[in-house]
Amino acid sequence: MKLHSPVCIAAFLLLGLVGPGISRNTPQEVPDKGELYGHMEVIEEALGKLRRSLRDPARSDEALDQIVLMQEKSLACKGLVPHLITELPVEERAAMERDYRRVMVDFLIAQLELEAALLDGDPDAAKTAFKQVRSMEESGHDRFTREEE
Ligand code: HEM
């Protein structure tokens, strides 16, 4: 094959396109923070969007989308076990798992209250329910996460 034949040129072009792509896509050493952590990050983002859309009654559809996303992610979190609990002595784990699950149930109930207020078109009740949902972040983390999480 001559170096400047069309096939050869095409091969060079292809290598130029694919080559750097391969090195860019080489897996990086990203520590796996786990499924629960990933869901929590989505919850945090949804909470921020929710806070902004609650300021404007005309955006209640956006608020409803975010609250549904939070509920789905919270339900997934309820079925998982925080890292902190997996590190406890075996005999302490069952009680802590139950406590965590119970708090998650309250967390979901608060989110349903918020959804109900939005569907009822009651901004005051929505504000109160939103504060309740948001307040559960700190108390939940105090009980079920390590300092650095
Ligand atoms: C609106 C409420 C909440 C938000 C926005 C939120 C957000 C987050 C975020 C962003 C993380 C990742 C680590 C970090 O950056 O801090 C996290 C981790 C975590 N959160 Fe939440 N969270 C909320 C409520 C809760 C509740 C109610 C609980 C417990 C019942 C909880 C339990 C945990 C646990 C256990 C982790 C560590 C993950 C693991 O152990 O694998 N969170 N949360």
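Analyst: Start with residue classes. Ala, Val, Leu, Ile, Met, Phe, Trp, Tyr, Cys and Pro count as nonpolar, Asp, Glu, Lys and Arg as charged, and the others, Gly among them, as polar. On that basis the shell around the ligand divides into 14 nonpolar, five polar and five charged residues. Note that this is a predicted model.

User: What makes a residue part of that shell, and which come nearest?

Analyst: The C-beta atom, placed from the backbone, must lie within 6 Å of the molecule. There are 24 residues around the ligand, and Met40, Pro82, His83, Glu137 and Gly140 come nearest.

User: Which helices supply at least two residues of the shell?

Analyst: Helix H2 (35-54), helix H4 (83-86), helix H5 (90-120) and helix H6 (123-144) each do.

User: How many helices and strands does the protein chain have?

Analyst: Six helices and zero strands. From the N terminus, the order reads α-α-α-α-α-α.

User: What makes the largest nonpolar core a core?

Analyst: Its members must be buried, of the listed nonpolar types, and joined through C-beta atoms within 7 Å. The largest such set has 16 residues. Leu50, Ile67, Leu114, Leu118, Ala126, Ala129 and Phe130 have the most contacts inside it. H2, helix H3 (60-78), H5 and H6 each supply at least two of its residues. The largest share, five residues, comes from H2.

User: What does Leu50 touch, beyond residues up to four places away in sequence?

Analyst: Leu50 touches Ala63, Gln66, Ile67 and Phe130.

User: Why are some residues of H5 called buried, and which are they?

Analyst: A residue is buried if 20 or more other C-beta atoms lie within 10 Å of its own. In H5, Tyr100, Phe107, Gln111, Leu114, Ala117 and Leu118 are buried, so each meets that cut-off. Their cover includes H3, H4 and H6. Across the 149 residues of the protein chain, 16% count as buried.

User: Why does the span of H6 agree with expectation?

Analyst: Because its 22 residues should span 32 Å at 1.5 Å a residue, and its end C-alpha atoms are 32 Å apart. Its buried residues are Ala126, Ala129, Phe130 and Val133. They pack against H2 and H5.

Definitions and conventions:
Residues numbered from 1 in each chain as written. Predicted model: local features only at pLDDT ≥ 70, side-chain atom pairs only at ≥ 80, totals over all residues. Helix = DSSP H or I, 4+ residues; strand = E, 2+ residues; numbered from the N terminus. Buried ≥ 20, exposed ≤ 12 C-beta atoms within 10 Å, placed from the backbone. Contact = placed C-beta atoms within 7 Å. Expected span 1.5 Å × (residues − 1).
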